[in-house]
Amino acid sequence: MKLDDPRLFRQYAYIDGKWTHGDAGREEAVIDPATNEVLGHIPLLEADQIRAAVDAADAAFVQWRALRVDERCERLLAWYDLLQAHREDLAHLMTREQGKPLPDARGEVEYGASFVRWFAEEGKRTFGQTIPSHIPNAALGTLKEPVGVAALITPWNFPLAMITRKAAAAMAAGCTVVVKPAGETPFSALALAELAERAGIPAGVFNVVLGDAPMVSEVLCKEDRVKALSFTGSTPVGRLLLEQSASTVKRVSLELGGNAPFIVGPDVDPKEAALAAVAAKFQTAGQDCLAANRILVHESIHDEFVAHFAERMLAFNVGNGLDSEIDIGPLIHRRAVDKAAAIVDDALSKGATLVQGDQNRAPGENFFMPTLLTEVTAEMKVWREENFAPVAGITRYSTDEEVIEMANDTEYGLSAYIFTHDIRRIWKIMRALKNGMVAVNTVKMTGPPIPFGGVKQSGLGREGGTAGIEEYLETKYYCLGGLGSVSGS
Ligand code: NAP
């Protein structure tokens, strides 16, 4: 891989500050989804090596938590500076392994780095409380203490930011981490390890393990020394990891799938709303947990909205994310293309209308042309499942009550979008939606200060913001007795 700094491309796991091969010599190829070219190989570690990473993180925890918080945070800031300095290489690496267009990859590096900076600041503000005492001659209060080793298991759609959003919060809190990135996109995680080392983050604080996912995850979930598990990925795997973590009663945060409704009221400009819906649907080729999965448009502007939506889609360039002016890259692998095709076939067999999406024009095996379906109904997979592809489904509705019921008709509850200028309608719908995050008249809602997360089967806990660091902190209550009385109090 051609990088300005070739040492950012690592084909090893990273444990206790050392680059390591698997003991068993097993390895796996990592493929560029745009070309099917082999980018490199990664070792598949055995269970003993996953435990060795936990040993390293457990040992490093003693010194890392004991560092003064400003020293810890200085190292995180040094990490942030290095992420910025190597932005181009990190973006290039990401486009090669994930497929997203280079400008989007640059945006993700920026987004991922922003969590490191934010938590480097927030780490200094993990204040406890002073509690007015109800016990004679005693002082009461709380301290915030790091939970210990955190296991971080992440997906391929945001290979860098999903790691920093967790790791920066954990490390700022004083925890050490064992990261298990997705098998499809390990190189961004390994580049993060290389830069963590250069930033002076001590050996054992940030470890990256690779291997057979069910085995690695089971070892991490069942390890008693792992005190927190933070997982981003699909709901079925999240359920499994929650079950596996029960035997050690650890902290579990889950950022799972979404099936976002995008509600368009009768009072908005159909073109403006359609352009916003396109932006909310097709980022990362629709492989985004926030993607507008079900677009619900008031019947009075439905046809105009569909016309603008379809027109905007015609301007999309689909191709290799390294080429200039590409809007939509490949899907992560062929299986994702087959799943998208099955979702479209299912919808068409149940009465949906195909407005756009000629798959004969796909520029390669792993590409799926942006597709628009209308007359979508709740019986179709495109409604029920998180399609994770550039497939948009539009449905019409007539009343606020009806659209609220439609929007909530899913097991998921991550994000939702509302477009209307009627403040009473906004308030009514926003309060009735069963989602962790609601964006009103905008599609941009994420960033380091916000509590990102879902309700229902979209997850547990929050990432980012003050809530994000709490996931890695215990509250220790203290009662200092026998102090005598304080005169004047
Ligand atoms: P996934 O299949 O659940 O994989 C996520 C991670 O779990 C990967 O590291 C994967 O490892 C591992 N894994 C897969 N199968 C496993 C198993 N049986 N046991 C234990 N670990 C297993 O999810 P994905 O396809 O990578 O990512 C897409 C999903 O992530 C979507 O549902 C999306 O909505 C969700 N997501 C949610 C958020 C959020 O913030 N809520 C953000 C981004 C993505 P291998 O890759 O090595 O198999």
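**Figure 1. Contacts across the whole chain.** Of the contacts in the protein chain between residues at least 6 apart in sequence, 74% join residues at least 24 apart. The model shown here is predicted. The protein chain contains 15 helices and 22 strands. Its radius of gyration is 24 Å, close to the 23 Å that the globule rule gives for 489 residues, so the chain is as compact as a globular protein of that length. Along the principal axes, the C-alpha atoms fill a box of roughly 75 × 60 × 40 Å.

**Figure 2. Surface and charges of the chain.** Buried residues account for 57% of the 489 residues. The protein chain exposes about 19,400 Å², and carbon and sulfur atoms supply 52% of that area. There are 49 positive and 65 negative side chains, and the centres of these two sets lie 4 Å apart.

**Figure 3. The largest nonpolar core.** In soluble globular proteins, nonpolar side chains tend to be buried together. The largest nonpolar core in this model has 89 residues, and Trp79, Met171, Phe206, Val208 and Leu220 touch the most other members. Helix H5, residues 161–173, gives the most to this core, with 10 residues. A separate core of 70 residues lies apart from it and includes Ala285, Leu372, Val382 and Tyr417.

**Figure 4. The surroundings of Phe206.** Residues up to four places away in sequence are not counted in this view. Among the residues that Phe206 touches are Tyr14, Trp79 and Ile163. Others that Phe206 touches include Ala167, Met171, Val177 and Val179. Phe206 also touches Ala189, Leu192, Ala193 and Ala196.

**Figure 5. Ala151 in strand E7.** Ala151 belongs to strand E7, which spans residues 149–153. Is Ala151 buried or exposed? With a relative accessible area of 0%, Ala151 is buried, because the cut-off for buried is under 20%. Leaving aside neighbours within four places in sequence, Ala151 is in contact with Val178, Leu220, Val226, Ala228, Leu229 and Ser230. Ala151 and Val178 are 27 residues apart in sequence, but their C-alpha atoms are 4.9 Å apart in space.

**Figure 6. Helix H13 and its cover.** Helix H13 runs over residues 400–408. Its buried residues are Asp400, Val403, Ile404, Met406, Ala407 and Asn408. What covers these buried residues of H13 includes helix H12 (381–384) and helix H14 (423–432). Strands are also part of this cover, including E12 (260–264), E13 (292–298), E16 (391–397) and E20 (455–456).

Conventions
Residues are numbered from 1 along each chain as its sequence is written. This is a predicted model: local features need pLDDT of at least 70, side-chain atom pairs count only at pLDDT 80 or more; totals for chains, interfaces and linings use all residues. Side-chain values use heavy atoms; hydrogens and water are left out. Helices (H or I, at least four residues) and strands (E, at least two) are DSSP runs, numbered from the N terminus. The radius of gyration is taken over C-alpha atoms; the globule rule is 2.2 Å times the number of residues to the power 0.38. Buried means under 20% relative accessible area, exposed over 50%, partly exposed in between (1.4 Å probe, protein chains only). Contact means heavy atoms within 4.5 Å. Accessible areas come from the Shrake-Rupley method with a 1.4 Å probe; for residues, only the protein chains shown count as cover. Lys and Arg count as positive and Asp and Glu as negative; His and the chain ends are not counted. The place of a charge is taken as NZ of Lys, CZ of Arg, CG of Asp or CD of Glu. A nonpolar core is a set of buried Ala, Val, Leu, Ile, Met, Phe, Trp, Tyr and Cys residues joined through side-chain atoms within 4.5 Å.
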